[in-house]
Amino acid sequence: MWWKSAVVYQIYPRSFADSDGDGIGDLRGIAGRLDYLKRLGVDVLWLSPIYPSPQDDNGYDISEYQDIDPVFGSLADFDALLAGVHERGMKLVMDLVVNHTSDEHPWFLESRSSRDNPKRDWYWWRAEPNDWRSYFSGSAWEADQATHEFYLHLFSRKQPDLNWENPEVREAIYAMMRWWLDRGVDGFRMDVINLISKPPGLPDGSSEELNNCGPRIHEFLQEMHREVFAGRDAQMLTVGEMPGVTIEQARLFTDPARAEVDMVFQFEHVRLDQRDSKWDRKPLDVRELKATLNRWQTGLADLGWNSLYWNNHDQPRAVSRFGDDRPEFRVRAAKALATVLHLQRGTPYVYQGEELGMTNAPWGSIEDFRDIESLNHYAEAVAAGQDPGEVLDVLRGRSRDNARTPMQWDASANAGFTDGTPWLPVNPNHANINAAAQVDDPDSVFNHYRRLIELRHTLPVVAEGDFTPLAEDHPQIYAYVRRLGNDELRVVANLSSEPAEWEGETLAPWEARVQLPSPA
Ligand code: NOJ
């Protein structure tokens with residue numbers, strides 16, 4: 001499959017490039033930066049949601065599936081962007097958010113209008129809520145004044161969950177997906193798609209565990225494949241976002257013979273620095289990180305396919321979180337993390353700014369944050385008696401807004417992101433960390449990513465080779481070998497800010513060494 005040697009680049013349109021000075025990124029802004037992405041060498045662009053939306057969760061609350069939010073542009077702008085992407089030999093993948101809609105979507109407006117509306121059953125209505133908690137704090141149920149029932153929302157109260165048990169819902173979604181494919185898009189990243197099949201009877205308990213891979217999930221994805229992708233899937237890319245998915249489940253989802261999705265985003269490695277909740281931090285143990293990633297490598301070796309990522313719009317910046325963003329280590333740490341990830345078996349995903357080694361931001365006060373998850377957590381934790389300063393400190397390390405500060409294009413006042421006032425402040429370190437300073441510097445993080453992407457394109461052992469872990473018990477060293485026929489590629493990296501010894505060699509802090517196969 002073509003995506004075995006492809007690299008995907010995620011764009012968070014709000015924060016990528018603003019063409020009209022309103023402080024919010026847009027489609028024309030993206031179109032103006034395609035040559036940068038081509039230079040990096042990525043094959044596929046994934047756009048976080050650009051559909052009309054009240055923006056309660058930055059577009060993951062969609063009020064119209066077949067249009068573009070005016071803040072991002074128009075369908076004509078979209079077509080022009082898509083043409084520009086295709087002209088450069090790249091593909092474009094849309095974000096598919098169909099576990100829920102916005103509460104302002106016409107389907108939900110009808111559903112909530114009366115108990116006997118034909119679309120009542122398109123969502124989950126109950127006389128009494130169960131005890132499920134929303135991912136964004138508080139109950140997962142909202143009382144509705146009009147009809148005196150509660151509706152289910154696993155995310156914000158403005159994101160009611162669709163009822164996938166209803167075949168009309170599924171048909172409407174498949175028709176919408178076909179419409180985008182007919183327009184020319186090359187696939188979908190499927191938002192929390194493992195949550196769409198709810199447990200029968202909606203029993204009390206952990207909503208995350210009960211909704212993860214519910215009883216009809218494989219049936220729904222196979223039906224979607226038949227109804228939407230059949231006949232054209234060879235050129236497409238589909239990736240299911242699946243918090244909580246296990247290796248066993250992932251093998252089923254990505255077994256090509258089952259025709260469900262090409263790959264999934266698993267979450268195990270981004271939960272190693274937390275306890276029960278993402279707000280309860282614990283230090284990362286490099287041995288655990290290796291053990292987890294290596295288990296996914298071996299678990300999907302003979303069947304299915306991995307996606308590889310450190311970052312996305314929901315995760316703090318990797319170099320601050322898994323690396324070391326102090327000036328003396330930042331560049332090396334960003335490169336070492338990129339190296340160990342990109343030379344694994346799977347499809348790597350680069351999140352905007354990761355290729356520059358962008359870092360978490362120095363948040364001053366709670367007023368600086370915009371993300372609903374962060375703001376809800378702060379309100380709930382402080383109301384429950386936690387010290388506001390401590391809650392703020394946790395947000396500094398964990399908030400999704402760390403990923404969402406504007407792309408750092410250059411050293412100018414707003415980092416070249418906008419001529420207006422950015423919707424979220426630019427990170428002051430853009431004076432040093434920016435694209436303009438890196439694209440022509442052969443030693444930059446940018447050019448390191450460019451070379452890693454090139455290796456995947458040119459060396460079959462990177463795309464296809466098998467994977468053997470080394471040094472599994474070493475507390476600092478991440479090492480492995482990839483093999484394909486007589487070709488062997490060896491990766492050894494020191495994932496720490498101290499020198500590390502291994503097999504008679506000393507690696508400097510965050511040093512990564514790659515031994516390429518000898519030329520035939
Ligand atoms: C996962 C998305 O990545 C996240 O940004 C969003 O808040 C939730 N799903 C709800 O759509």
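Predicted model: local features only at pLDDT ≥ 70, side-chain atom pairs only at ≥ 80, totals over all residues.

Residues are numbered from 1 along each chain as its sequence is written, and side-chain values use heavy atoms, with hydrogens and water left out.

The protein has 17 helices and 17 strands, which are DSSP runs (H or I of at least four residues for helices, E of at least two for strands) numbered from the N terminus. Its radius of gyration is 23 Å, close to the 24 Å that the globule rule gives for 520 residues, so the protein is as compact as a globular protein of that length; the radius is taken over C-alpha atoms, and the rule is 2.2 Å times the number of residues to the power 0.38.

Of the 520 residues, 61% are buried, where buried means under 20% relative accessible area, exposed over 50% and partly exposed in between, with a 1.4 Å probe and protein chains only. Among contacts with a separation of 6 or more, 67% join residues 24 or more positions apart, a contact being heavy atoms within 4.5 Å.

Ser137 lies in the loop between strand S4 (125-126) and strand S5 (141-144), and counts as buried because its relative accessibility is 18%. Glu503 lies in the loop between strand S15 (500-502) and strand S16 (505-507), and is exposed, with a relative accessible area of 57%.
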